[in-house]
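Hello,

Here is the structure I promised to pass on.

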Amino acid sequence: MAYKITDECISCGACEPECPVHAISEGETAYKIDPAKCVECVGFHDSPKCAEICPVDAPQPDPAHPKK
Ligand code: SF4
C-alpha cells in the first residue's frame, strides 16, 4: 500500500530528500506522496522512511492505494 501525507503535515520538508524513489513533493498546503511512485521503502529501508522521520506522524498507509 502506498503512503499518504495527512493534514497533520507542517510542511517542514524533512521527508522530501529522504524518499528513495522521489515520490514526495511540496504541495500547496502540505507535502504529498505520489502513490504511483511510493514503494513503502521496500528494498531501501526496514520501514517507510518518511513515517520514521516525520515529527508529527503525518505519513500514514493509504487504503485507497493497496499494494500492486
Ligand atoms: Fe510534512 Fe512530516 Fe514531511 Fe515534514 S516530515 S513535510 S511534517 S510529512
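By class, how many nonpolar, polar and charged residues does the shell around the ligand have? There are eleven nonpolar, two polar and no charged residues in that shell (Ala, Val, Leu, Ile, Met, Phe, Trp, Tyr, Cys and Pro count as nonpolar, Asp, Glu, Lys and Arg as charged, and the others, Gly among them, as polar). Cys-9, Cys-12, Gly-13, Cys-15 and Cys-54 come nearest of the 13 residues around the ligand, where a residue is near if one of its heavy atoms lies within 4 Å.

Before you go further: this is a predicted model, in which local features need pLDDT of at least 70 and side-chain atom pairs count only at pLDDT 80 or more, while totals for chains, interfaces and linings use all residues. Residues are numbered from 1 along each chain as its sequence is written, and side-chain values use heavy atoms, with hydrogens and water left out.

Now to the core. The largest nonpolar core has 15 residues, and Ile-5, Cys-9, Ile-24 and Ile-33 have the most contacts inside it (a core is a set of buried Ala, Val, Leu, Ile, Met, Phe, Trp, Tyr and Cys residues joined through side-chain atoms within 4.5 Å; buried means under 20% relative accessible area, exposed over 50%, partly exposed in between, with a 1.4 Å probe and protein chains only).

Lastly, Glu-40 is buried, with a relative accessible area of 19%, whereas Ser-25 is partly exposed at 30%.

Best wishes
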